[in-house]
Amino acid sequence: MKSRSLVVSAVNFSEGGPLTVLIDSLETAVATLKPDWQITALVHDEKLVADINVKAIAFPESKIGWLKRIKLEWIKFHDLFDRKPIDLWLSLHDITPRVIARRQAVYCHNPSPFYKSRLSETFYDPKFFIFNKLYMFVYRSFAKRNYAIIVQSDWMREEFRKAIGHENIIVARPTLHKKSPSEVIFSPRQHYLRCPTPQTPIRFLYPALPRVFKNIEVICEAVKKLSPDARNLVDIRLTFDGTENRWAAALARRYRNEPGISLIGRQNRTQMTGEYQACDVVLFPSRLETWGLPITEAKEFDKPLLLADRPYAHETVGEYDNLEFIGVNDVGAWADAIERIVRGTWRPSASQAFDPLQPYAADWPALWRLLTEGL
């Protein structure tokens, strides 16, 4: 039987959600593809995939800087594999490498080119501003080499079609790891939430890193608009403490001492599970996401949701009957929804399931079938 070769390149993934994507992709490739497939993973550190039955090649210099990274993707990978026949090359992080392969695919998960950045945000997050202006060049470079471009949501597919014009864009939603029964503690579903008191205020949670597009300030400004007695009945919990970056420090200076706002710092997985369990309502006002993972996590805990009225939020939440969509920058509307929750007059709405068009992969095995079909 003739062997076939797969290369999965993810030299910039080393922690958190991106590392989970890498591990999921490799584990399902080993389980899904036939034994004649030889799988090679290009990684930052071989230890990251030591428990998976694949060949690993480490590139520790990948995180030194963007120029080093571009050199890897567009020069070194080509030189390293120019004499080795590759049947399928999947790049998991946005850049299409300049390599020789029967079939290439790239997984694009950075939505920054589709964000209308404000000039005032440049000072607080210059890296994101640069990404916002230059990342489309990265996406377009060698894009036509790809048999398929993979994105996480249908709204991203439409943006890519307009920007790049590629014919084969696959929507592959993130693989979600279901919580164990011990992690999820359900409260009995009520027509409305419990009555708050100054000792036990309604607890709102916004799980987000302090990035300029996360729109944290709209929640903080909404709290300032609440009536004085309502402010004593809310606890808005934000997962940063002001030490993370320049934007976090600015937010902390402006809002740390505001009644009703708690800066709880970055949470690990166990702590985050506790926050989901303990909160009454989950907020998600972000202006930009490929996929709003905290929305999906909040649904697992059956929590009421106040969501930005954005395409990503509608697609992520799907069918759910315990939510309200709010204009993303409408401070008054966010304040009104919070006030209605405190007063006991908030009534949830329902949303409809969102089914993306084909080509669509519901999980990694389905994606591998799409990518290897005919090879």
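**View 1. Arg-69 in helix H2.** Arg-69 is a residue of helix H2, which covers residues 66–81; helices here are DSSP runs of H or I with at least four residues, strands are DSSP runs of E with at least two, and both are numbered from the N terminus. The model is a predicted one, in which local features need pLDDT of at least 70 and side-chain atom pairs count only at pLDDT 80 or more, while totals for chains, interfaces and linings use all residues. Residues are numbered from 1 along each chain as its sequence is written, and side-chain values use heavy atoms, with hydrogens and water left out. Because its relative accessibility is 4%, Arg-69 counts as buried, a term that means under 20% relative accessible area, with exposed meaning over 50% and partly exposed in between (1.4 Å probe, protein chains only). When its neighbours within four places in sequence are set aside, Arg-69 is in contact with Val-11, Asn-12, Ser-62, His-93 and Ile-95, where contact means heavy atoms within 4.5 Å.

View 2. Asp-94 is placed in the loop between E4 and E5, and its phi is near 70°, a positive value in a residue other than glycine. With 2% relative accessibility, Asp-94 counts as buried. Asn-215, in the loop between strand E8 (202–206) and H6, has a phi near 65°, again positive in a residue other than glycine, and at 1% relative accessibility Asn-215 counts as buried.

**View 3. Helix H6 and its buried residues.** Helix H6 comprises residues 216–225, and seven of its 10 residues are buried, so the helix is largely enclosed by the rest of the structure. The buried positions are Ile-216, Glu-217, Val-218, Ile-219, Cys-220, Ala-222 and Val-223.

View 4. Eight strands form an open sheet with parallel pairing, in the order E3-E2-E1-E4-E5-E6-E7-E15; two strands pair if DSSP finds at least two bridges between them. Strand E3 (55–58) and strand E15 (360–361) stand at the edges with a single partner strand each, so one side of each is left without a neighbour in the sheet. Helix H13 (residues 364–372) packs on this sheet, touching strands that include E1 (4–10), E2 (37–43) and E4 (88–91), and its direction makes about 135° with that of E4. Strand E7 (residues 169–172) runs parallel to E15 and is joined to it by two bridges, with Ala-172 standing opposite Ala-361 in E15.

View 5. Gln-358 and Pro-359 are joined by a cis peptide bond, with omega about -5°. Pro-359 belongs to the loop between strand E14 (349–351) and E15.

**View 6. Packing of helices H1 and H13.** Helix H1 (residues 16–32) and H13 pack at an angle of about 65°, with their axes 9 Å apart; axes are lines fitted to C-alpha atoms, for helices over the stretch in contact, and angles run from 0 to 180 degrees between N-to-C directions. H1 and H13 are therefore roughly perpendicular to each other, a class that covers 65 to 115 degrees. Val-21, Asp-24, Ser-25, Thr-28, Ala-29 and Thr-32 in H1 meet Trp-364, Pro-365 and Trp-368 in H13.

Methods: Angles under 35 degrees count as roughly parallel, over 145 as roughly antiparallel, 65 to 115 as roughly perpendicular and the rest as oblique.
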